[in-house]
Amino acid sequence: MRSVWRRLRARPIGLTSICIVLLLALIGLLAPVLAPGDPNELGGDVLQAPGAAHWLGTDDLGRDVLASLIHGVRVSLPVGILSAAAALLLGGGIGAIAGARGGWTDSAVMRLSEMFQVIPAFILAAVISALSGPGEWQVIVVIAALSWPQPARVMRGEVIRLRQLDHVQAVRCLGISERRILLGEILPNALAPVLAVGALIVGTAILLEASLAFLGLSNPDVVSWGRMLNAGQRYLFQAWWLSVFPGITIVVTVLSFNLGGDALAAALDPASKP
Amino acid sequence: MLRFLLTRLLWAAPIVLVIAVLSFMLLHLVRGDPVTALIGDFPAPPEYVARIRAEFGLDQPITTQLWLYLVNLAHGNLGFSFSNRMPVLDLVLMRARTTLLLMVPALVAASVLGVVMALAAAPRAGSGTDATITGLSLLGHSVPVFWLAQLLVMAFAVQLHWMPASGMISLRDTPTGWAGIVDFLWHLVLPMTCITIYYVAIVARVARAAVLEVLHRDFVQTAMAKGLTHRRVLWRHILPNALIPVVTVIGYSFGSSLTGAILTETVFAWPGLGSLFVSSISARDYPVLQGIFLFSAIAVVVANILTDLVYWLVDPRLHRGSRKLANA
Amino acid sequence: MTMDLKRWLALPLSLLLAVTAYAADPPKKGGTLIVGNGDDPRVLSGNFSFQIPDTMVGCMVYEGLLRFGPGFKLEPGLAKSWEVSPDGKTYTMHLDDSKWEDGKPVTSEDVAWSLMNISAKYGPKFIPAGKLIDTIDTSDPHTVVFHLKQPFGPFLFSLVCEQNAAIMPKHIFEGTDILKNPALTTKPIGSGAFRVAEWVPGDHITMVRNPDYRRAGKPYLDKVILKTIPDSAARILALQAGEIDMIEELYFSLTYFKQLSADKRFQTHSVGYGADDLVLLNVKNAPLDKPEVRQALMVAIDRDYLFKNVYLGLGQMATSIVDSRLTWAHNPAVDYNKMYAYDPARAKKMLDDAGVKPGADGTRFTIRLAFSANRADDVQTAQVLQRNWQAVGIKVVLQGTEGNLFATKVFGDYDFDAAIANYSTGGDVALGVSRLYTTDSIRKGSVYVNGSRYSNPEVDALFDQGRDAANQEERAKAYFKVQEILAKELPVLTLHEQAQINVASAKVHDLFLAAHYPWWDEIWMQQ
């Protein structure tokens, strides 16, 4: 544990990113306290530039941009994390089995994963949202269903690699069952790169939600960052703050997940420096 | 080798078939039909609607339609797009070509840039420079493409007038010959930037890992000790090794890049598969949507097979007694 | 009323000023006009739908007998003059000398054939007129005589190209599979001022001057290019960058209006038939079956807030079911601004009096509010209505869906309590607003008709009278009365008369001579 912390400290950018992610999660949890009142409450100060009363300005129906961004955390973050978690669980499980069993199972899983990778994620999500109604669950399901091959491949690769290692062979000689080896020795060590992939998936999910909103395929009743970008397009010239702030928020969030995931993976990996 | 190819191709066929059936069922199980989309917001007399439906065979049961679709598919007939008034196959191929004109330069640029960044970052692994470069590349991967596109257009097209705001070529006084090519390239810059930025991250990450791995190999250390210049080491050993995973990852990304084109093409009015997809959704032009699904799937499968092939051919570790290993 | 009059006069007055200013410069020949549209047309004829790109581009290629001038006045098109018999049943049209692209002349045979075989079968807007045509006399190749079964007020109106009445060559289309005929898409053989030179699907259509156009010296422009830019922000950016010269009202998001109208490089004009933003109420669902409840809903709406923030102060709030732009049919005695002024306290009382009292949790009843999620205005309207109605104790559930799904939900399944929609006036009460209220317009599955399923024989009779009366005064009488009735019944809450504004570069001249699509042959560009 201490070595993990030490490695993290050696990577300031990654550490900062992880802190930002945690901060965002906190903001999401505390949203009703930080931005009291209904974010959808319409106000009289329409299209106000950033100023003393409204730090990030207001939108076309008088809603405070900062408050909307804060409440948007509660949409974008869960969508991202749930999608990634589902993909990791599904993919990690399948990948571990494939790597452990090898042979026919392995080939079948590889071909299956290829089939899923072949389906274009965005197209599927767009079609489903357009034709059966928008929603966050559509995004989560589509991402989980189509992204599991990534963690699966990584997990499979790690399992195969780790199985051959000397100390694992040694443990095997001691007579410990394969399953215990898998769970006890291999999986904890395989975690690092898989987590890194997971962080990337979070980013992909958040960007997918924003993209669907851009095409008008998201739930209009829900305050999400993507929706804010979509609405902000109409005021590109008069109200730049409606496009710039949500965009920056998305960039910072996704970037933090990406950099944080990388750093965490490196920190967890016993083979990395220092 | 041949066996490898054959096995892969054999697997490709059922995958494509499953995609075809799945996409058909998916599209037809949902509400809203193309005639309503065609008509828009005005009441059409029922006889008119019935006539149009009959024209497009929409009044037959789904199973019949599916069977007809599969039979036509076997003959290479992907149907007729009623909103574009041309055969789907021709339409998809034409638009795919336009998308490729955008994607290929973008992916090539992403590869080059990614490798350059990796070469700069890897030797200084763990340092601030490395972290900065990695961070920069990941930045490109974190930006919503359409947002970036609009900002770029506002800055470079509207304010500075350095680049065009949309389209593939200048419509007023369209230049021809060499000037035409230059005009096209000038229109390519902004949309290409949006796509390249996204893929640089993936390439840089993979290339960096590959370069790192090679840098620590014994034979490289030996070569350096022997006094070989940096440049020779770079070109003879490091680059080829870095390129393999880059090609692999670009090949695998090809499929997703087709759909990544959707957003960029929409903002830049680039008449490719992406914008065709968007307009076909609202037009409920099922044959086109199915055609795009199918085409994307096939493209990805082909790209995967080709990439596997290239990987197999080029990876020195798979060749017994390779010259590359021995050379120093 | 005077305030509104000023606002409505402002635009035409400035137009007049602009005309006189421009009239000083003589038109210059040459130049290319680039129009930015949101989609490609599906076919190059105005006969098959009412989607803007189709009718706009189609009517450049295949023209109609008449065309719209300012204020929807009827002007010559393929017909240079006409007479109407006193009983309103015989219309004699005299054709001008026009040629098809293949050199053959446009004759009365073409007119009769294409109106009865194409427009009357495929053109949703022409069908009512088509049904009433008894015979067409084509003995003289330059004269077309229509004999109607009964008088039809909007008959001449229906002969304009945009009303799905484009004239197409009989010798090219007769006997062929019309919808698959290349003259409809890739190789049109039209009579219009411009001919199609190139169509790159999904990208642009290039049209060049027709050297044999019947009006000498016109068109002035060398080329008109119709570029497809699907994204609305991208269209505006292209206009700002000078890459396109004009955006039609449908494709112009009014949020950019303020900025562009203040910019000297651009000009804006009000165009279009007129369309209204309204809310359909499902009168079969209690308590919306009570007129008092429907009226209360109207009173609870903050009209000023809607007008200023959602509609950006453009157009005007509706005062009656008939759009005020249809001046002859609009009843000035009916005024929603007075009848239903914003008053939440009054709304609450009206609901109480109607017997719809709040329950234990303060909710009187629930409204499922449907709207099309792709229309930004409708999304905003929905959010405002939700707030307004919740303030008087009505729970509102927002149900926004994609455009086509919305149409199916509302008109196919009647799965809504209130639905936000936009209806075109169609240019005439008989062609537009009547379909919202008549019993025979209740057709499950037919979109944008009487979605409320309101049925009232007195109202039906009045709409019939309005349509069949021999002259405009008689028609107006019937329409005035029906407005009084429906203002109290309110099965549909007509909220707002949309501003339909098109925007163009200031370098384009004579763009606004017509109420709807431009007269392409009259446009010229400053070089």
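Here's a quick briefing on two chains of this structure, A and C. Keep in mind that the model is predicted. Chain A is built from helices, with twelve of them and zero strands, while chain C has an open sheet of four strands with a helix, H3, packed on it.

**Chain A: the helices**
- Walk along the sequence of chain A and you get the pattern α-α-α-α-α-α-α-α-α-α-α-α.
- The C-alpha trace of chain A covers about 75 × 45 × 30 Å along its principal axes.
- Chain A has 274 residues, and 54% of them count as buried.
- Take the contacts in chain A with a separation of 6 or more: 71% of them come from residues 24 or more positions apart.

**Chain C: the sheet**
- The four strands of the open sheet in chain C line up in the order S4-S5-S7-S6, with antiparallel pairing.
- At the edges sit strand S4 (79-84) and strand S6 (133-137) of chain C, each pairing on one side only.
- From one strand to the next, the twist averages 20 degrees.
- Strand S5 (residues 90-95) and strand S7 (residues 143-148) of chain C are antiparallel partners, joined over five bridges.

Conventions:
Residues numbered from 1 in each chain as written. Chains lettered and ligands numbered in written order. Predicted model: local features only at pLDDT ≥ 70, side-chain atom pairs only at ≥ 80, totals over all residues. Helix = DSSP H or I, 4+ residues; strand = E, 2+ residues; numbered from the N terminus. Buried ≥ 20, exposed ≤ 12 C-beta atoms within 10 Å, placed from the backbone. Contact = placed C-beta atoms within 7 Å. Pairing = 2+ DSSP bridges. Axes fitted to C-alpha atoms, helices over the stretch in contact; angles between N-to-C directions.
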